[in-house]
Amino acid sequence: MSISDVRIVPLTNELSVNNNQKDNSDTCNHDAAIKALQAQFGGKLSTNLTVREQHGHTMTWLTNQPPDAVLTAQNKHDVAQAVAICNQYKMPVIAFGVGSSLEGQLNAPYGGLCIDMHALDAIVQVNNEDLTVTVQPGVTREQLNHYLRDTGLFFPIDPGANASIGGMVATRASGTNAVRYGTMKDVVLALEVVTASGEIIRTGTRAKKSAAGYDLTRLMIGSEGTLGIVTEVTLKLFGINECIGSGLCHFPTIEDACQAVMLTIQMCLPIARIELLDALQVKACNQYANLDLVETPTLFVEFHGTEAGVCEQAQTFTDIIEEFGGTDFVWDTNEAERKRLWQARHNAYHASSALRPEAKALSTDACVPISRLAECVSATAKDIEDAGMIGPIVGHVGDGNFHVLLLVDTDNPEEVAKAEDIIGRLAIRAIEMDGTCTGEHGIGQGKQKYMQQEHGNALGMMQAIKSALDPNNILNPGKIWP
C-alpha cells in the first residue's frame with residue numbers, strides 16, 4: 001500500500017462518541033455502579049464535572065471526554081475493589097497517572113470510572129546490591145531519582161514530562177536516554193496488576209531473567225491500561241557515571257545531521273543521548289528559554305563513563321560529524337550547563353507551542369530503522385514546508401524516533417486537513433520503511449487507523465488476548481482499536 005492509497009479520516013469524525021451517546025441500558029448500569037462505588041468509597045469518589053473533565057485530560061486536540069466519576073485510590077485494595085464493582089456492572093475503568101499522555105489514552109468515550117493513582121506514591125523497597133527498586137505507580141520519575149540521589153544509583157528512562165511510573169509502563173515510555181539504556185520494556189522486571197475481574201496478580205520477579213512461562217510483564221507494558229491496572233512496579237537501576245559530558249553541534253541540513261547520527265550508531269559509539277532539533281525548534285527554544293543558539297539543525301549530545309572514556313567518545317564524535325559538515329562542537333562536564341541545555345530540550349513542547357499561542361498543538365511521532373532515518377525526517381520536513389505549516393521537528397534520533405509538533409488553527413478546515421495529511425503521510429511512510437507509526441506516544445484514540453497496516457493478521461491475536469483477559473471490555477475501551 002502506498003501513501004496515496006490511504007484515506008485519512010478526520011479525527012473529529014472518528015472521535016465523535018461522547019457520554020451522551022451511551023444507550024439507556026449503559027446509563028442504567030453506570031448509575032447503579034456509581035451508587036455501589038459511593039457506598040464503598042464515600043468521599044474518595046467524585047462526580048464533580050470539573051474534576052471529571054480534568055481526568056479526561058488530553059495534551060492534544062482530541063475532544064475531552066470525561067468519565068462519569070473519579071476515584072482517588074489510596075491503595076491497591078481500593079483499585080481491586082473498584083474494578084470488581086465496575087466489572088459487575090460492565091462499566092468502563094480508566095487509570096490516571098499525571099495526565100501527560102498525547103493520544104487520548106485518558107479519555108472516556110463510553111463514560112465510566114477514572115481511577116486516579118497519584119496517591120499510590122510510595123517507594124516500597126530499594127535493593128542497592130541488586131540495582132533494583134520497587135515503587136507504586138503514582139511515583140514520578142523525578143521523585144524517584146530525587147529519592148535515589150544518595151545511593152549512587154539512578155533511573156534512566158526520561159520521556160521529558162515528569163510522568164508517573166505507572167503511566168510510563170502503560171505507554172512503554174522511553175525518551176532521551178533510550179539509545180543507551182533502553183525503554184520501559186528493558187527496565188521493568190516485575191509488575192503487580194489488578195485484572196479486569198478485580199484480582200491482584202504478580203508478573204515476574206527481581207531476577208534479571210526467566211524462562212518460566214509466558215512473559216506477562218512485557219504483555220502489560222505498553223497495553224495502555226487495556227489489559228490490567230498496574231499497582232506496583234519493580235525496576236532496574238543503573239550506577240551514576242563518574243563523568244558526564246554534554247554539548248551540541250550544528251549542521252547545514254537536517255539530512256546531514258541525521259547522517260551523522262546514523263554513522264555514530266553504526267560505529268557503536270556508546271553515546272547516552274543524541275537529540276535532533278531542526279532550525280525552527282532551535283528558534284523556539286531560543287525565544288522560550290532566552291538562549292542564543294545558532295538557528296540551524298542542531299544535535300544535543302551526552303556522553304557517560306569515566307573521564308578518559310568521555311573524552312575519547314567526544315573525540316570520536318568530533319571526527320564523525322566533520323564528515324557531514326558538523327561545526328562548532330563544544331562540550332563540557334559542568335553540571336549546571338548540562339542541566340540548562342537539557343531543560344531547553346525538555347521544554348521543546350511548550351517552546352514550540354509558544355510560536356503560535358492561539359493555535360492548538362498536535363504532537364505526533366514515528367520510529368524507523370536507523371538506516372532510513374535521514375530519508376524519513378527529510379521527507380517529513382518537506383511535507384511540512386510544502387503545506388506551509390508551522391511544525392518543528394525534534395527527536396531521539398539515536399534510536400530512529402522523532403517528533404513533529406504541528407500548530408493548527410482547528411477552526412480552519414483547510415489547516416486541519418493539511419495537518420491530518422502530514423500525520424498520515426508520516427505514519428504510513430514509517431510503516432513502509434519497516435518502522436512504526438509511533439515510537440513513544442502510543443495508539444490511544446489518535447492512531448487506531450494505522451494498526452491494521454502495521455500489524456496485519458497479528459492484530460487479531462491482540463484482540464483475542466484482550467477478549468480473553470477482559471471479556472466485558474471494561475478496561476480502557478475505545479483505545480488501541482475501535
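**View 1. An open sheet of five strands, joined by antiparallel pairing, runs in the order β5-β6-β10-β8-β9.** In this predicted model, β5 (123-127) and β9 (200-203) stand at the edges of the sheet, and because each has a single partner strand, one side of each is left without a neighbour in the sheet. Neighbouring strands are turned against each other by 10° on average, with direction ignored.

**View 2. Strand β6 (residues 132-135) pairs with β10 in the antiparallel sense over four bridges.** Within this region, V135 stands opposite V233 of β10.

**View 3. Residue V230 is found in strand β10, which covers residues 229-236.** V230 counts as buried because its relative accessibility is 12%, and, leaving aside residues up to four places away in sequence, V230 touches M117, P137, V169, L191, E192 and V193. The C-alpha atom of K90, a residue 140 places apart from V230 along the chain, is separated from that of V230 by 20 Å.

**View 4. Helices α4 and α5 lie across strands of the sheet.** Helix α4 (residues 76-89) lies across β8 (188-194), β9 and β10, and runs at about 50° to β8, while helix α5 (residues 141-148) lies across β5, β6 and β10, running at about 45° to β5.

**View 5. Helix α10 (residues 254-266) packs with helix α15 (residues 373-387) at an angle of about 160°, their axes being 8 Å apart.** The two helices, α10 and α15, are therefore roughly antiparallel to each other, and α10 passes α15 in a right-handed crossing. On the α10 side, I254, E255, C258, Q259, V261 and M262 meet L373, A374, V377, S378 and A381 of α15; the residues of this contact divide into eight nonpolar, two polar and one charged.

How values were computed: Residues numbered from 1 in each chain as written. Predicted model: local features only at pLDDT ≥ 70, side-chain atom pairs only at ≥ 80, totals over all residues. Heavy atoms only, no water. Buried < 20%, exposed > 50% of the residue type's maximum accessible area, 1.4 Å probe, protein only. Contact = heavy atoms within 4.5 Å. Axes fitted to C-alpha atoms, helices over the stretch in contact; angles between N-to-C directions. Parallel < 35°, antiparallel > 145°, perpendicular 65-115°, else oblique. Left-handed = near helix turned anticlockwise from the far one by under 90°. Nonpolar A, V, L, I, M, F, W, Y, C, P; charged D, E, K, R; others polar. Pairing = 2+ DSSP bridges.
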